Structure formats: structure tokens, C-alpha cells
2 protein chains.
Amino acid sequence: MKRGPQRSVNTETVLDAALELLDAGALTMRALAARLGLTPGALYTYFPDRAAIVTALADRLLGQANLDLLEHGGGSPAERIVAFALNLREVLMRHPAAVPAILGAAFNGPVALRVGESLLGALPDPRAAYTVMVYVLGSIALEAAETGSPVAPEAERIAARRAAFAVDPAAFPRTHAAADAIAAYVSTEQFRWGLERVLSAL
Amino acid sequence: MKRGPQRSVNTETVLDAALELLDAGALTMRALAARLGLTPGALYTYFPDRAAIVTALADRLLGQANLDLLEHGGGSPAERIVAFALNLREVLMRHPAAVPAILGAAFNGPVALRVGESLLGALPDPRAAYTVMVYVLGSIALEAAETGSPVAPEAERIAARRAAFAVDPAAFPRTHAAADAIAAYVSTEQFRWGLERVLSAL
DNA sequence: ACCTGAACACCGTTCAAGT
DNA sequence: ACCTGAACACCGTTCAAGT
């Protein structure tokens, strides 16, 4: 399962190992160094501190989303936004532990700038573009917050939510009646439904 | 500025001190104990671990929002949702360091259940209600992520964003042209504008 | 430039023992 | 029930010294 120490260490191999550890909820400078066959202090040759590693990871992950779907995809601007958003959600939900970092470093990184520029191409009003970003990143953040690693398939996660859901029907009648829909809050269908509604208003 | 150790320690006084430390970005069990005139181990009489303190803090903060605005306020359901959302944003933005915890513990706490139930009263379709929650919590999370403590007034934060904003106009023409609007992403006006658009589609 | 060894200044949590 | 003292098993970061 685990690979041995890397042959040659560089910025990229440090990030590779850091992402694996972050996914496992065990990203410490000491664990990272050990995995690379180094002493903790050696890491400071590659990054100034731990936060810089996490920021670089966030930008790199954002870069794995397929921007072509937004820039050169088929269909209307709204359809291209939906396609890109679905892809971004898929990419980020592979690494839920990294999502809070992306929220934090959201718009400082070089990749984030490109995404923002392309989004303004599809949706020229910046207020509208930001509303979409808020919805997409907010959805992913809420979903990631309750997801462990490794990420279970969506159907399983929804079933687990449904099974764990128990509220007093007398105190919370509407919530109790909506249990099925609430369990499906983390579904692709809910994500798409909300996004399409939001886009229809912009 | 700082108060001395509390006279009598209980769950509430622990949370009071914990919130002050969280705001200062310095919530450690040792600092918390010291502020209460205790030894670190004594804290485990009140809470099972650090995470439980943060969760309790998140629920308590959510409880400071005025739910009456949503349940018994005047105007249409949409107007009541806007009024409550503005109030919630104000309450949470007083403690930006606590916001990630609220995102995480969003819907486990007792107060969160009450908020959800009331929201379903104003917006009976659960998919629509969740879309609103995503927008509101997403907005607040993005805003909180870039805010230090203590929180500067909104006008100052926007001016600082505008002053710090510099992108290559050749590489990012649309982003460059939208600089003023982008600086105002964290404004109350942007928050309200987006929320009203979202509500209009639901 | 890259890395080690060792240290510094911290963490959260546990637990026997006291009151 | 509440608290201390002391320990255990960790952290991130720095830095002189080596290559």
C-alpha cells in the first residue's frame, strides 16, 4: 500500500507525499520528512513552513479541475459553468481534508486567478460570478466537512446519513418529514439542482 | 484589557474564556487552563477534549443569532430569511476564527436543528432551504477565511482588499477590470444582492 | 543547495493521588 | 466532583555544522 522513500526529492515529490498524508489526516512535518527519507529540518529547503505546503497543495488541486469545460466546452455559458462545477466538485471531493485549505487560500494562488478570469468570461457580472463561487465552494465545503478519508461512494454516504438521522418528530416536525431530502443534501443531484436554480437567477 | 482568573469555574466560564482565546488565535488547553487559574488536566472535568469545546462554542455562537427574525419577523418569508441571514452574518463575523468550526459542526448541534426547522417553515422545499444555507454559510466562510482578529470595519476591509489587489491586466483583463467589484465581494451589499437573487429562484 | 543532529518551545491527553 | 503534579507522546521551527 505505502510506497517507500522517494529516490530524488524535489518540490513536486514533497507535495505528492504531503497530499497522501493530508488525506490520511496525518500531515506533520515529521511524518512528511520520514516518508521522504529526510530529517524534519530538511523540508525547510523546499518550503518556508507547513502553511506554504498546504497552500501549494490547494492551488495544485484546484489546477486538476478541467478548465476547458468552462472555457471551450459546448452549450450555453450556464451549461459550461455547471459542467465545470461538477468536475471541480469531483476533483476536490477526492481530497476532502484539503478543502478547508482551498477555502482559505481560495483566491491568492495563480490557478485560482485563471479560474476566476474564465468564470468572468462565462458570467461577466462579477457579483453574479461571486454568487456562483460562493454556492459551489460552500456546497463542497459543507460536504467535505462531514466526509472521512478515504471517501465512501456517494450512495453509501447518503444511506449512512439517512440511517444516522433521528430527530424528535414533535419538536422538529418539518425536519423529521424532510429526512430523506436532508440525507440527500450531499448528492450530485442536490448540487446540480441548486446550482441551476442559482444560475437561472443571474 | 484582560480579566483575571474567574472566581468560579463552570461550563459557561470555560466557554467564555475559550471564545476569547479562539478569537485571538490562541486557544490551547494550556492557555485556557491558565486563564481560568487551573492546571490543564482540570479542563477534562468539563469537556472530554478540545474538539468538544470548539463544537460547544460553535453551537453557542449560532444561538446568538436572533431566530425571531426568521420565525416571527414581518414581511414575506423571503424578507424574513434575508433579515435573519444578515443578523447571522453579523453575529458570526464577530468571531471569524470560530466560523470553520461552525461549518464543520454545522448541523449536529441542538441550536442548528432549531434554525433548520425554522428555515423549513419559511421555505418548505428542503432542497431550496439547503441551497440558501449553502449560500449563507459559504459567504460567511469565504469572508471569515481572510479576516484577522480583531475584525476591522467592513469599509476598511474592502479598502484594504482594493489596495492589495494587483493582477496583470494583459493576462487577466476581466479580473483587472472588475477590481472594484472584487474588492467589494465581502460587502454587506454583495451578500444581500446574491441572497436576494438566490431566493428569487427558489 | 541540501541535509543532519540536536535542541527550543511548545502541544493534547492521561492518571495516580489528593480534597 | 474537582483539581494538582507529573508524565507520555507528540508538534513546528531553528541552526550550527557538515557535504
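Q: What relative accessibility does Arg192(B) have?
A: 36%, so Arg192(B) counts as partly exposed. Buried means under 20% relative accessible area, exposed over 50%, partly exposed in between (1.4 Å probe, protein chains only). This is a predicted model: local features need pLDDT of at least 70 and side-chain atom pairs 80 or more, while totals for chains, interfaces and linings use all residues. Residues are numbered from 1 along each chain as written, chains are lettered from A and ligands numbered from 1 in written order, and side-chain values use heavy atoms, without hydrogens or water.

Q: Which residue does Arg192(B) form a salt bridge with?
A: Glu196(B), with the closest N and O atoms 3.6 Å apart. A salt bridge puts a Lys or Arg side-chain nitrogen within 4 Å of an Asp or Glu carboxyl oxygen. Both residues lie in helix α12 of chain B, 4 residues apart. Helices here are DSSP runs (H or I, at least four residues), numbered from the N terminus.

Q: How many salt bridges over all chains?
A: 26. One of the pairs is Glu143(B) with Arg157(B), 2.5 Å from N to O. That pair links helix α8 to helix α9 of chain B.

Q: Are Glu143(B) and Arg157(B) buried or exposed?
A: Both are buried.

How values were computed
Helix = DSSP H or I, 4+ residues; strand = E, 2+ residues; numbered from the N terminus.
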